[in-house]
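Biologist: I would like to know what stands behind the labels. Please take me through the cut-offs.

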Amino acid sequence: MAFLRLASRWPALSKFGVANPSLHGKSPPLRNGFLPLTTSSAVGKSASAAATTEAFRGGSSQAVGHAPGQRKDVLDSSFDDAHAAYKSKTTWEILRAYIVYTLCSSSYLVENNMKLMKIMKAVMGEKMFTALMKGTFYGHFVAGEDQERIRPTLERLRSFGVKPILDYSVEEDLSQEEAEKREVEAESPMSSVSELGDEKVQGSKAAELGGTMPQFHVDKTFADRRYKVSSARTYFYLNEATCERNLEIFQQSLQAVAGATYGTGLAAVKLTALGRPQLLLQLSEVIMRTRQYMAEITAKTAQANRSSPEDKGNIIGKHISPEQLHQKLQQTCKLSEAPVKKFLQNVTFDQEGLIHLFPWSGIIDENLELSETFLVPDIKSGKMVRLLTQLSSKEEEMFRNMIRRINVLAQTAEDLDVRMMVDAEQTYFQPAISRITLEFMRKYNSKKALIFNTYQCYLKDTFNEVVTDLEQAKRQNFYFGAKLVRGAYLEQERARAAALGYNDPTCPSFEATSESYHTTLTECLRRIKDLKSKGKPNMIGIMVASHNEDTVRYAIEKMKEIGISPEDKVLCFGQLLGMCDYITFPLGQSGYSAYKYIPYGPVNEVLPYLSRRAQENKGILKKIKKEKKLLLRELFFRISRGKFLYTPKGDYTPI
């Protein structure tokens, strides 16, 4: 019936340019059997349409200069080529996609989707409900139930020039009350004062360094971390056994990447799945207190050392030598020389100055006590101050377990020669996540970018964070891998900042976020260009993970402007499975490195994921409108040519 209803709308399709099927993708004259190359976007668009139409008819769309077997289409940078977007799909899959996007346009269905799915499951029974989901939302947004069932999807993606990022998308369907209970009960208690030698070591109390930091403490109002979040998976800590199970799942994802993608794919990892999240929260507070401490220490010497007091205390940008720091501490602290010297022995530095105030490599050492690492001489009190609340032996064991699990995954990735991408999370976890990820980069990225970090460009400080981490990679000589996203927690971050009384960490507008993204990307590409001139461009690898076609176009234009080609393999693009195919597939088919984020898992256990996808699509109706237009264009082109049983058969090789 849905098919007949679509067919009845044929006259309305003139606005999509397919009312006259004979006009769909007219071919320009060929030269020596190849399409003519041009720099004109208009002609490029025409050439791309012609290329894809020829492929549909069984012809060739190879571009000049490419060897046989390395097929590349001409990219339509307006991303308006319906056939390039959907020639990897069967006619049924196109129809299903149109139905799914139509349902996502209904506010009532989206807002009540979980409730409706549960009712349908109860009424229809397990088997019929599963079949319905596989024929609609699950089939569109999820690749399959396990590693074996997703293989056909991965193989088809590869044949059309697209690589996978595997993401096991199973979530607990917790009530808000249960989520809040787990989060609040897991918060660590404060501890008392302890001693170190002859000097008292103060606990991490509110008044010690810079006053309270409310953003790094659990608040019951926001204890359910799914609050106002529609596009990111959330893990809640239950026990260590659950974390071990998550470790096994992530390992299986890495193995699937190695076995089914010829090593070209990636696996996504979330650190809150591998240990108690509150430990990350505490470590994040330490990092921010360290920055406050350094800002205070260097306030009077900032101008003399090529740095600015507005740099949030990022140590690496201050170019301060250990001797200069020693002199400053001597001038301001009342401590004896011995503890100051002991403190300075642990700073990390090179010929350009300090890199880290603490031996951060210690946080990935499974044998080191975490709470004894972060001791500093306080310039106000003259005492040694602990920046991290003293952890109990059980908490220290939990942190070491988390680090062990991450280390197992990183070692597995290295052994299998596949890449691991660490997802970004909320700002109150992110300093710790980034620091841990950078230290694992330093350990494992000595020969290639094996471990990737993720940066959310809706945050005001993203540019500075990326520059700081790039500088660390440069000075400590390891490969830097980064995924740039707009971000998943915008509404939650704004609401939490307003409620708890700290500065909103997010950009004030969509335009400001775009500027942040483009500025950050431009800096990464500038550094890649510098490295390319030195013969080592792949020291930096960047993924543009965006559903915004303006951002994708910006990245392509910048690549051309500064002389970076897809063959350099330093920049790639990524979108979610079932979203923005009109961006991903034309990129992959034209020789760019393109990825799809591939969720998988049993039907009933990925319902929370499907709920989020419905919510996210409701929020991007403009993109849905374009996607639906292109789906209809391709659908009716196939109807007009009698291609009802079209079988996708790609002959592209991912770069």
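Modeller: Axes are lines fitted to C-alpha atoms, for helices over the stretch in contact, and angles run from 0 to 180 degrees between N-to-C directions. Helices are DSSP runs of H or I, at least four residues, numbered from the N terminus. The model is predicted: local features need pLDDT of at least 70, side-chain atom pairs 80 or more, while totals for chains, interfaces and linings use all residues. Residues count from 1 along each chain, and side-chain values use heavy atoms, without hydrogens and water.

Biologist: Why are α16 and α17 called roughly parallel?

Modeller: Helix α16 (residues 430-444) and helix α17 (residues 462-476) pack at about 25°, with axes 11 Å apart. Angles under 35 degrees count as roughly parallel, so α16 and α17 get that label.

Biologist: Which residues make the contact between them?

Modeller: Contact means heavy atoms within 4.5 Å. From α16 come R435, L438, E439 and R442; from α17, D469, Q472 and Q476.

Biologist: Why does R71 count as buried?

Modeller: Buried means under 20% relative accessible area, with a 1.4 Å probe and protein chains only. R71 has 11%, so R71 counts as buried.

Biologist: What does the side chain of R71 join by a polar contact of 2.7 Å?

Modeller: The side chain of D651. A second polar contact, of 3.1 Å, joins R71 to the side chain of Y652. The term needs a pair of N or O atoms within 3.5 Å; within protein, one must be able to donate a hydrogen and the other to accept it, and residues adjacent in sequence count only if both atoms are side-chain atoms.

Biologist: What makes helix α21 mostly covered?

Modeller: In α21 (residues 581-589), 9 of its 9 residues are buried.

Definitions and conventions: Buried < 20%, exposed > 50% of the residue type's maximum accessible area, 1.4 Å probe, protein only. Helix = DSSP H or I, 4+ residues; strand = E, 2+ residues; numbered from the N terminus. Parallel < 35°, antiparallel > 145°, perpendicular 65-115°, else oblique.
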